[in-house]
Amino acid sequence: MGLWLKNVRPVCFHESGNRSGVAISDGGTIRESPLPDDEVLDADGLFLSPGWTDLHVHIWHGGTDFSVPPDRAGLKSGVTALADAGSAGEATLHGLRKYIIERRPETIRAFINIGSIGLVACNRVPELFDSRFIDVERTLAAIDANRDILCGVKVRASGEVVGDWGISPVRIAKRVAESAGLPLMVHIGNRPPDLEEIFALLSPGDIVTHCYNGTAGGAVTRSSAVFEHACRLAGTGVLMDVGHGSASFDFGVAAKSIAGGLVPFSISTDLHVRNVDGPVHDLATTVSKLHAAGLGFSDCVNAISTNPRRFLGLSGANGLTPGMRADFTLFALVARQKQVADSGGNSLVLRKFFEPRFAIIGNRCVRVEPSRSGRAGSQR
Ligand SMILES: [Zn+2]
């Protein structure tokens, strides 16, 4: 059966004009107009955006000790597309593919960790202790065998991970990414390596995740020279990703950066078991925090939909074109006070909250429970 979404307010699409309805065929693609026997969903003025997309999550549940089950991060939270950011390395990617990616209704892509073991026992068994932990040949072979699900190479470049090995694993990861023709996602945080050393290796299309971390050595606001360097990089097309996480998002750094013109390309959660019950919770809470930190409504929506979707090669601003596969999130921006915290335990009262109500993939519509976003939902 087809689906007629009526009374919607499209945002972040090209050419949405004044349309207030979207017709979806029983095959799940956009139609010009509804048919008499279509099922009707009256959205009562909800915003309709390209499907929410979380570019940094950990959902290799069972293959790592810290990933959440994928349904904690996906459709039931209003999220239709996800990228697992380096939970798997070359030794474990096949499991992420077979047991998670191929079984889920969401669109899932992965950044392959440059460390062969990925994040099996995250931060207990570091994946980048020394050169024995990277196998370039096997990583390139795994990339070639899994190009359809891979969106980049991930390297965690902070002191807890690389220790004395410093900048070397970032150099290797960049070489592997270049030779595979993929972008590099680099996690920043405490030294070593130094931010300036990392920035010097990046090129347009690469991603800096944890861009608003508040660590002493890793904050982009650490000095005006570092901040200007980050702004220059963003100006050339290096992509700034939030990756909230449990140690990587600071309200003060975010507000100062946004006010200074360093806005995020993508807002992502870095969701895992150590932050899903707070402070991160879900993508809706994360984007609401960025809105409170000064990022405008359209920039917020683009950063959780069109931008990461473009990075992953998915429909986005063109998503209302007849023939495209339907992929949307219906949401409200509600006036609601809620106390939240950043990764450093600093609290902030949000006054406006992004509240997803429905996720739509093809002609499948999943209801998000507003009060339990990320926890429960019911399916049509
Ligand atoms: Zn992460």
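Visitor: How far apart are the centres of domain 1 and domain 2?
Guide: The centres of domain 1 and domain 2 are 25 Å apart, taken over C-alpha atoms. Keep in mind that this is a predicted model.

Visitor: Which residues go into each domain?
Guide: Domain 1 takes 3–49 + 318–379. Domain 2 takes 52–312.

Visitor: How many residues does each domain put into the contact?
Guide: Domain 1 puts in 29 residues, and domain 2 puts in 35 residues.

Visitor: Which elements give two or more residues on the domain 1 side?
Guide: Strand 12 (327–341), strand 13 (347–361) and strand 14 (364–368) do.

Visitor: Which one gives the most?
Guide: Strand 13, with nine residues on the side of domain 1 that touches domain 2.

Visitor: What classes of residue are on that side?
Guide: The side of domain 1 that touches domain 2 has 16 nonpolar residues, eight polar and five charged.

Visitor: Let's pick a residue. Where is Leu350?
Guide: Leu350 sits in strand 13.

Visitor: Why does Leu350 count as partly exposed?
Guide: Leu350 has 16 C-beta neighbours inside 10 Å, so it counts as partly exposed. The buried class needs 20 or more, and the exposed class 12 or fewer.

Visitor: Which residues is Leu350 in contact with, leaving aside neighbours within four places in sequence?
Guide: Ser288, Lys289, Ala292, Lys338 and Val340.

Visitor: And how far is Leu350 from His210?
Guide: C-alpha to C-alpha, Leu350 and His210 are 21 Å apart in space. In sequence they are 140 residues apart.

Visitor: How many bridges hold strand 5 and strand 6 as a pair?
Guide: Four bridges, in the parallel sense, with strand 6 covering residues 79–89.

Visitor: Now strand 1. What does strand 1 pair with in the parallel sense?
Guide: Strand 1 (residues 3–10) pairs that way with strand 4 (residues 39–50), over seven bridges. There, Leu3 stands opposite Glu39.

Visitor: Parallel or antiparallel for strand 1 and strand 2?
Guide: Antiparallel, with four bridges joining strand 1 to strand 2 (residues 21–24). Trp4 stands opposite Ala23 in strand 2.

Visitor: Zoom out. How many helices and strands are there in the protein?
Guide: Ten helices and 15 strands.

Visitor: What are the spans along the principal axes?
Guide: The C-alpha trace spans about 65 × 45 × 35 Å.

Visitor: What radius of gyration does the protein have, against a compact globule?
Guide: The protein has 20 Å. A compact globule with 380 residues would be near 21 Å, so the two agree.

Visitor: What share of the residues is buried?
Guide: Of the 380 residues, 54% count as buried.

Visitor: Last one. What share of contacts joins residues at least 24 apart?
Guide: 74%, among contacts between residues at least 6 apart in sequence.

Conventions:
Residues numbered from 1 in each chain as written. Predicted model: local features only at pLDDT ≥ 70, side-chain atom pairs only at ≥ 80, totals over all residues. Pairing = 2+ DSSP bridges. Rg over C-alpha atoms; globule rule 2.2 N^0.38 Å. Contact = placed C-beta atoms within 7 Å. Domains from an automatic or database assignment. Nonpolar A, V, L, I, M, F, W, Y, C, P; charged D, E, K, R; others polar.
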